[in-house]
Amino acid sequence: MSTVDSNEIKSEQNRVDHVIRKIQTQADHTQQLYNQAHFETRSVESNYSQNAKINTFEADDRIETNAEVQQQKGLVARAVENETILKRQVATYKELQNSPYFGRIDIQDPGETTAEPLYIGTASFADEHENFLIYDWRAPISSIYYNGTLGNVSYQTPAGKMTTDLVKKRQFSIQSGKITNVFDTNETVGDEILQEVLGQQNDTYMANIVATIQKEQNDIIRDTTSDLLVVQGVAGSGKTSAILQRIAFLLYHSRQSLNADEIVLFSPNRLYSRYISDVLPSLGERNMRQITLADFLSQRFQGLNVETLFDRYERNSQTKPDIQSLTNFFESSEFMQLIQNYVLELTPDKIQFTNVMFEEKPFFKAADIQKIYTDLPSSMNPADRFLKTKNTLIKQLKNRIDQEADADWIHETIDHLSNEEYNNLIGKKKLRAFESYDDEIHYLGRKLAAKHFRVIYDALFNNYFVDIYSQYAQFLKQVKIPNTISTATWQKNQFTFQQSIEYHQLRLMDGAPLLLMRDLLTGSGRNRQIQHIFIDEMQDYSLAQMVYFKHAFPNAKFTLLGDSEQALFKDVESPQTLLTHLKNAFHVKKANLITLNRSYRSTYPITSFAKKLLPDGDQIQAFNRDGDLPSIIIRDSVSTINQALVKNCLKELQTYGTVAILTRNMAESQQVSENIHRTTKATLLSDADLALPKGVLIMPIYLAKGLEFDSVIAYDISQNNYPDESSLGILYTMASRAMHNLTLTSIGAVSPLIHGVVNDQEHLVKIK
Ligand SMILES: Nc1ncnc2c1ncn2[C@@H]1O[C@H](COP(=O)(O)OP(=O)(O)OP(=O)(O)O)[C@@H](O)[C@H]1O
């Protein structure tokens, strides 16, 4: 890396000033357009709400008003879209004015005598003559900046592979329009600027990394061919960053065919969802959809309380081997295959149809439903047969509604309708005259009867005429169990399942198999619109859950990222094994595995300490950034440790914006909070929290997944709390959340997992 001479810096600063002036002019113009668009949206919207008073309660009304409403809605949507685009542009210009670009590449194409400089930033910007003053970091030519060393380089364009000569690569730091740092480099992206970026304090939420993307990260971001991309990356290696820049890249490259709503990211917890939410908007893109596994499951099991990973972890962190085998069986892809076989071979007499009740009497009897199903051709697949059955039931319900429309009680109700009730029922219809009075009465009667039987319609619509839970119980009864599970355990398991259903609870391990069974049997639950699924912290998902996702999102490409060493909930699995399992379970053609071994988050001393905890930690490369040694505070009682904790928090707060105290579980967090809240103003975070305040934070480790903090205090890493190997993932995850400072506290002797590191010859930690 070489420094740039002062004359060159001056002329670069002149160019920055020039570009910023151009951006300013464009920004002013766009702001005017935006104000105009905003005004237009308001007027179209108010027009819409006056014209489209819709009665959406009755299905018939919905159809009738649909055409007019659609037209109005279209107008509003277009106006809003226009406004949104302009708003985003204004925001992009604001970002560019602050820091218009971060890189420059000089390329000399074959046959040219001079090199052409190109500047790379977070978005493209062209002047009034269509000269590109800034190239978007995602443009094909920009890949050279991330990939190539000086000399002959190639890059992909829509027209195929191009080659050129890269004669200069320059990196800039520009803040508030001023160049603060500039280097010429032959490396991918040099360490100097990266060091500067990483040394800055965390401002609570994640920032984009486009100026300093590293080569392996770039491979993840720009992979457009894999159906299944698996990333094993050590803690702090930029997996989450790679996800977000990859989404921005995909959106840019498939502008016409992909939008942010067709991308779903499964996040480890809700805090994380907020933590990353600023990155895509800072790149001028809309956020993808985000959901946690717990929310995904509870949306699909309305009325049941689905156990979460956190519940399971809180309940029982040390599981007996027999129970572990049971869980492993339920969470395997083989188990999902057994479900699939079971549904395919299910004969009509074995399907658990159930009465559809109305006013405490069966409206449709299970036996009759079964007969409809049985009479359909057995060559049909279960889902089609089920759908036909459902349609027949709906038809029967409609006939019944027609009959009921002329019932005496209905006529009587009509006689007593108030004007308002009458108008509501008749809706738009009154505009057209009825042929006769009888017609009008019959019409009103049908409406009332439909309302009367609405619950039945809803039950049919939601497939409540099959009892999926007892179907699953039947499945469990007949399944062949592996010999690692005793018959007694299996019987108990069946009982536990049924009992939990009675109490409206669902065990986490039953979630994916049950959903698959329901979907296969009823033909519901699939979303073909989604084009990309991202799963962060994949080590916390079971293979069964992944198999279900593949089923539920059949057209999606999958990007799965994780770190097997950070498994809080299960044993470590090698990435290659995982890839093989997934490849077999997903039946994909193009699968790719990328490994990230360089860790960027923490200072060199912190990463050196954290990697020593792991048996195969040597593969982790610590990024060279200075900092204090991690320290360990050992005291012999809760009260003395709390005193030390408070003192430490207050000291850390003088330097850092956030200090996170990480505990093993919620109970421990609560206890710490009670003890230190008054003196430190600490915030206790729970699963329900959506935002990360500044100051001292207290949370159990599973809520800190994927997050990072300026300073971390790992609470009570004693022998008592972390007696054996099974806690390794927890301790490693705790240590690797720290960016600049790490403190460990212990009540009594430290955990044997840390003991070796504390006494290491290399002096990796300071004892206080
Ligand atoms: N190329 C990069 N340039 C600048 N900062 C980077 C780069 N790569 C990673 N970082 C920073 O390193 C930190 C860790 O990144 P990230 O959270 O994406 O890692 P991760 O692999 O998801 O970590 P974990 O598995 O431990 O949660 C973040 O602060 C991120 O901004």
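Predicted model: local features only at pLDDT ≥ 70, side-chain atom pairs only at ≥ 80, totals over all residues.
Residue numbers start from 1 along each chain as its sequence is written. Helices (H or I, at least four residues) and strands (E, at least two) are DSSP runs, numbered from the N terminus.

Two packed helices are described by the angle between their axes and the distance between the axes. For helix 14 (residues 382–404) and helix 17 (residues 437–452), the angle is about 130° and the axes are 8 Å apart. Such axes are lines fitted to C-alpha atoms, for helices over the stretch in contact, with angles running from 0 to 180 degrees between N-to-C directions. Helix 14 brings Ile401, Asp402 and Glu404 to the contact, and helix 17 brings Arg446, Ala449, Ala450 and His452; residues are in contact if their C-beta atoms, placed from the backbone, lie within 7 Å. Sorted by class, this contact of helix 14 with helix 17 has three nonpolar, one polar and three charged residues. Here Ala, Val, Leu, Ile, Met, Phe, Trp, Tyr, Cys and Pro count as nonpolar, Asp, Glu, Lys and Arg as charged, and the others, Gly among them, as polar.

Now for another helix pair. The axes of helix 25 (residues 638–655) and helix 26 (residues 666–680) come within 10 Å and cross at roughly 40°, which makes helix 25 oblique to helix 26. This crossing of helix 25 and helix 26 is right-handed. On the helix 25 side the contact uses Asn642, Leu645, Val646, Cys649 and Leu650, and on the helix 26 side Asn675, Ile676, Thr679 and Thr680. That gives the contact of helix 25 with helix 26 five nonpolar, four polar and no charged residues.

Next comes the ligand. It is surrounded by 22 residues, the closest being Thr212, Ala235, Gly238, Lys239 and Thr240; a residue is near a molecule if its C-beta atom, placed from the backbone, lies within 6 Å of it. Helix 4 (191–199) and helix 6 (239–253) are the elements giving two or more residues to this shell. The shell around the ligand splits into seven nonpolar, 11 polar and four charged residues.

Two loop residues are worth a look. Arg222 sits in the loop between helix 5 (215–221) and strand 9 (228–233). Arg222 counts as buried, with 21 C-beta neighbours inside 10 Å (buried means 20 or more other C-beta atoms within 10 Å, exposed 12 or fewer, partly exposed in between, with C-beta atoms placed from the backbone). Leaving out residues up to four places away in sequence, Arg222 touches Ser143 and Phe249. Leu304 belongs to the loop between helix 9 (293–300) and strand 12 (305–306), and is partly exposed, with 18 other C-beta atoms within 10 Å.

As for the whole protein chain, 37% of its 768 residues count as buried, and its secondary structure comes to 28 helices and 27 strands.

Terms used
Parallel < 35°, antiparallel > 145°, perpendicular 65-115°, else oblique. Left-handed = near helix turned anticlockwise from the far one by under 90°. Contact = placed C-beta atoms within 7 Å.
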